[in-house]
Amino acid sequence: MTQRETSWNIALLQTHIEVGEPQCNRETMQRWMEDAAAAPIKPDVIVLPEMWNTGYALGQISELADPDGTEIRRWVSAFSKKHDIHVIAGSIAEQRDGKVYNTMIIFNNKGEEVGAYSKIHLFRLMEEEKYLAPGEATLSFELDKVVAGAAICYDIRFPELARTLSLNGAKVMFVAAEWPHPRLHHWRTLLMARAIENQMYVVACNRTGNSGSDSFFGHSMIIDPWGEIVAEGSEEEEIVTGQIDLSLVDQVRDRIPVFEDRRPQLYGNGMCE
């Protein structure tokens with residue numbers, strides 16, 4: 001196995017997002033990505049936050065969303081190939097088939113798109129369901145022969161999703177988010193729970209800064225399969241970095257054989273088989 005199949009250096013771009021300003025946000029994100037790529041310890045994987053191209057400008061989202069994600073796909077693909085870095089391109093507002101989706105796009109270090117995931121759980125507290133269409137499928141994908149899974153913000157409140165990803169072989173779940181105050185305790189607790197119960201890494205990038213009456217607290221996190229925090233951001237803009245040891249997933253799963261001890265036939269309807 002190569003080193004990239006056993007460990008990854010991660011960079012989480014915990015940034016402020018200008019609502020309704022896609023060109024400004026792209027220019028800002030490009031600077032942050034270039035800075036991350038030039039760091040003394042070069043990342044294997046860069047992760048961006050949720051809806052970074054438009055923010056939650058839901059009233060204008062049909063006009064602001066990237067048609068089919070074409071422009072962002074072209075740019076991120078070129079970046080990942082140039083710098084030999086996998087990019088979890090956060091999520092973007094993507095216009096597709098006459099609807100707008102909150103979509104995470106993943107590129108490997110060769111510039112190839114290896115998956116796209118549209119958020120399946122829309123957050124009614126922010127009236128997402130009035131402006132966005134829900135995705136209809138989960139996503140597992142491979143980077144360096146390692147299976148990973150995708151989740152966006154509100155998704156982490158649904159343990160069924162994380163369990164489905166882990167049952168499909170995911171050793172890492174990548175999360176893009178815009179998670180605000182006053183729910184910092186929920187954010188940290190849910191991320192740690194998803195890591196512990198599924199014995200996988202959880203790598204979560206949250207935005208920071210203010211948007212209208214909402215204040216976003218950052219605290220992007222890398223959590224190992226024991227639920228231990230590898231790295232955690234502050235509430236300020238920053239690049240949060242950490243290394244994950246992918247072999248630890250198998251060690252933890254061998255030590256406490258949760259998946260072998262499951263009894264799905266007793267869990268009732270709607271639970272993962």
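Contact, in these legends, means heavy atoms within 4.5 Å. The model is predicted, with local features needing pLDDT of at least 70 and side-chain atom pairs counting only at pLDDT 80 or more, while totals for chains, interfaces and linings use all residues. Residues are numbered from 1 along each chain as its sequence is written, and side-chain values use heavy atoms, with hydrogens and water left out.

View 1. Leaving out residues up to four places away in sequence, Ser211 touches Val19 and Phe216. Ser211 belongs to strand E12 (residues 208-211); helices (H or I, at least four residues) and strands (E, at least two) are DSSP runs, numbered from the N terminus. Ser211 counts as buried because its relative accessibility is 16%, where buried means under 20% relative accessible area, exposed over 50% and partly exposed in between (1.4 Å probe, protein chains only).

View 2. Strands E6 and E7 pair in the antiparallel sense over 5 bridges, two strands being paired if DSSP finds at least two bridges between them. Met104 has Tyr117 in E7 as its bridge partner. The hairpin has 5 residues between its strands, and Gly111 in the turn has a positive phi of about 85 degrees. Asn108 lies in this loop, between strand E6 (99-107) and strand E7 (113-118), and is buried, with a relative accessible area of 10%. A polar atom of the Asn108 side chain lies 2.9 Å from the backbone nitrogen of Lys110, and a polar contact of 2.8 Å joins the side chains of Asn108 and Glu112. A polar contact is a pair of N or O atoms within 3.5 Å; within protein, one must be able to donate a hydrogen and the other to accept it, and residues adjacent in sequence count only if both atoms are side-chain atoms. Beyond four places in sequence, Asn108 touches Ser80, Ile85, His86, Val114 and Leu143.

View 3. The strands follow the order E8-E9-E10-E11-E14-E15, with mixed pairing. Strand E8 (140-143) and strand E15 (229-232) are the edge strands, each pairing on one side only. Strands E9 (residues 146-152) and E10 (residues 172-177) run parallel and are joined by 5 bridges; within this pair, Ile152 has Ala176 of E10 as its bridge partner. Helix H5 packs on the sheet, touching E8, E9 and E10, and its direction makes about 165 degrees with that of E9, with axes fitted to C-alpha atoms, for helices over the stretch in contact, and angles running from 0 to 180 degrees between N-to-C directions.

**View 4. Phe174 in the largest nonpolar core.** A nonpolar core is a set of buried Ala, Val, Leu, Ile, Met, Phe, Trp, Tyr and Cys residues joined through side-chain atoms within 4.5 Å. Of the 52 residues in the largest such core, Trp8 and Phe174 touch the most other members, and the largest share, 6 residues, comes from E10. The contacts of Phe174 beyond four places in sequence include Trp8, Val45, Ile88, Met104 and Val203.

View 5. In H7 (residues 247-255), the buried residues are Leu248, Val249, Val252 and Arg253. Seen down the helix axis, these residues fall within an arc of 130 degrees, so they line one face of H7; the arc is that of the directions from the helix axis to the C-beta atoms. The face turned away from the buried side carries the exposed residues Asp254 and Arg255.
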